[in-house]
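Have the structure open and follow along.

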Amino acid sequence: MITTLNRKRNLLRCLSALLFMGLMLVAPTFAQTPLPSQMSTSQMLRYYQQAKASGMSDMEIEQAALARGFTLDDIAKLRQQLEGVQNDGGNRVGSKRDTLGVTRSRIRTRPTQDSQQQFQDSPDDRFGDKNQDRLRENERPQLSEKQKRIFGAPIFQNAYLDFAPNLRLATPKNYILGPDDELIVDIYGNSVENFRLKVSPEGTVKMLNLAPVFVSGLSIEAASERIVSRLRQAFSSLNRPGSGTYANITLGNIRTINVIVTGEVTRPGSYSISSLSTAFNALYASGGPTENGSFRKIEVIRNNNVVAKFDLYEFIVDANLKNNITLQDQDIIMVYPYQARVEIVGEVKREGIFEASQSDTFQDLIRYAGGYTSMAYTAAIRYQRNTGKEFKVGLISAGQAEGFIPKDGDLYEVGEILDRYENSVSIEGAVYRPGLYALEEGSMTVKDIISKAEGLQKDAFLNRAIINRKNDLLQPQVLSFDLGKLIRGEIADIPLKSEDEVVIKSVKDLKSEETVSIQGAVNNTTSFPYAEGMTVSDLIYMAGGYSEGATPYRIEVARRVKNDSATNDATETIKILTFNIGNELQILPENRQFELMPFDIVFVRKAPNYEEQKTIVLEGEVMYPGRYAILNNAERISDVIQRAGGLKPNAYLAGARLTREITEMEERDSRVLEKAAFDRDLFNSNGVSPLTIRERDLKADSLAKVNTQVIERQLVGIDMVSILNNPDQPANILLQEGDSIMIPRRVETVRIMGEVLNPSMVNYDPSFSFSDYISQAGGYSDNARQNKAFVSYANGRLDRSKRFLFFPIRPKITPGTTINVPAKLVKTGRETTPGERIAILSLLSTLAITVIRLF
């Protein structure tokens, strides 16, 4: 019963601590305090530990939470979650043993002001709650653009670097005890006891009924000796050889101390930190130096005496923490304003704003900047300095860097090295090792650099070479010489100067890229590099051989005419040569006799009667509907219907339709006209072609390359009744690839649509006229354009209304017809009023009477 009561009491205290810390630490007002349902288990435990570390008792925490408006119902909602925390052996709050790591990690670094509360997680907390990383990072103060450039400032933005002491270490031997420290005394052996001794404000600890022991100001070793000496009053042989009873004294909870961080820091104030904390830990908690704060002059003041001076650059640059002393209660950390800052830009490894101490030189600043980059121009560094009246510029030579003293406001610019070589010459072109070479002491000639480049290539052009050189005004010059004569010693060798470039061309560099190409009925129509001795058969072989339908006995070669002679025909620009190459591409002596020349074009023709299969679709009321191949270029509509076995008895010929693919080629009027002109020129009235075979083939090839991509299908109006009764008439058109013929069954309806009162479909009646069908749809609407009514027949043909004098002539209606009544055109602009129309009629009447009287 007592255990259960104690358990509930401890649980209530935990809940109270949690609610109070959620109110006091997360937000300044109750409205901003997180609700219990919004808190995770890790947050609950963390807030409780923080409250305990601040020195508040359980009763004080409970009373403060209830005073803020939290009810017992709120506390009850959290009991189930905290039950698991209470029963967790690894984080047991009430245990007396195995809690050293937990109790030490309760210590947090925080300012004492409510407006500046800042909690920092220990390493175990950080890895236990992923969301805490983001919280810590967001809580860091944001740097201005200038602060981001100050060397060292970003280190105080790093959420994972806080210089916090390692609370999981063994008890430090040199640790000095003080009030609120806790000692754990374990007695083992023949006797077993355990004590947790808290140092009182008077500096003493008390055990059993023994007199208090004064330990404040002692090291842990000295305090252990005093405590063991006092315990011997109860355990006479304690820690003596052979006694069998021993004591081990370790440090438990660590006290908190208050230190003041002041001066040029982001958040000056008083901070409660662990007694193991160092100056860097407190400085990080304060947010680090401000924009005007010094990184080089920071002091720790204790009892009005400066006990340590440290320079943050020693840590950032050299990883030196020798002056990072352990703080004591009421220590003061003073951050002074900076004395001198300079900026370094350009070719250094770390650009930024650097603070210079009184003993620093320019060489020290370069060390802070990480040194020069590999492209830095170090012979002279340009700087800008404020004289108090104006700016001045200057140069720092390489020898002055170690003795040059920087001043506040200096700007140093480290430039790039010059894009030039002080002792180089180069050779390019037809040599075995082109590139840069050192211009050695003495002199180097053209022969020398050719020798260093492993000599000339076999295809080097010897009649001319050039040297690209810059004169004294850095203007380009070109020196040309006869390379062949220089190599043979017929002319003097030429000395070279720094940055000279010797250019030696090869024979092929002075010619256009020589190719031969092949077109027509081969598997790969493209160009190939020209090679000496290449024949037509070789080129066909390189092109993958003949394609289907090729004619190997009619191959043409088009060759350029190069000879410029008055005897040549001025109109002849190419020569055409015809060959007969076998299908098997055998190596025959007669074929080897003719070799191709650069830029020849080989044409391989297709057989005159070769053509890929073309198909059409025949559907509907025929005996054998389906897909049919076009037999020849003269096959027409009636022919394919006959091949399909004729018509079925209920076929409706008047509704037969033909749809045809509209290709991209047929939309291009210029190409359609070109084809028509070609067809007309091909055969004259006597049936003889006025064109040569070559010209005809060239035009046929150009037309074959027209893109014939299908873009849509269009209905072609046909009169199937007339076609089948008289196949010789023009309506019996030639079939084309992709045509589709549909012969439907007889249709017994007529459709009326458009501007009628009741668009509908009615049955066909031979006795009905056009007007009768309009009446079947309720008559015209007010917006109907009656005189423009038209019909579309089942076969796709159209017919419109006509007029003779004042009498309309309407189209004939057949089964399957659709009557279309269009709407009136929408007039733009203002309509005339009734008064305006009466005035216009009156004017017209007056004009008519006047004209009649005149005549």
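Buried residues make up 38% of the 855 residues in the protein, where buried means under 20% relative accessible area, exposed over 50% and partly exposed in between, with a 1.4 Å probe and protein chains only. This is a predicted model, in which local features need pLDDT of at least 70 and side-chain atom pairs count only at pLDDT 80 or more, while totals for chains, interfaces and linings use all residues. Residues are numbered from 1 along each chain as its sequence is written, and side-chain values use heavy atoms, with hydrogens and water left out.

The protein has 24 helices and 38 strands; these are DSSP runs numbered from the N terminus, helices being H or I with at least four residues and strands E with at least two. Of the contacts with a separation of 6 or more, 63% are between residues 24 or more positions apart, a contact being heavy atoms within 4.5 Å.

Now to the interior. A nonpolar core is a set of buried Ala, Val, Leu, Ile, Met, Phe, Trp, Tyr and Cys residues joined through side-chain atoms within 4.5 Å. The largest one has 47 residues, and Leu327, Ile344, Phe354 and Tyr412 have the most contacts inside it. Helix α11 (residues 279-285) gives the largest share of this core, 6 residues. A second, separate core of 26 residues includes Leu177, Leu183, Val215 and Ala247.

Which residues does leucine 327 contact, leaving aside neighbours within four places in sequence? Among them are Ile257, Val259, Ile273, Val300, Arg302 and Ile333.

Next come some strand pairings; two strands pair if DSSP finds at least two bridges between them.

| Strands | Sense | Bridges |
|---|---|---|
| β17 (residues 424-429) and β21 (residues 501-504) | parallel | 4 bridges |
| β19 (residues 465-470) and β21 | antiparallel | 3 bridges |
| β19 and β20 (residues 476-481) | antiparallel | 6 bridges |

In β21, isoleucine 504 is the bridge partner of glycine 429, and valine 503 is that of isoleucine 466. Isoleucine 467 stands opposite leucine 479 in β20. The hairpin of β19 and β20 has 5 residues between the strands, and there leucine 474 takes a positive phi near 65 degrees.

Finally, the outside. Leucine 805 lies in the loop between β36 (802-804) and β37 (807-809). Is leucine 805 buried or exposed? Leucine 805 counts as exposed because its relative accessibility is 62%.
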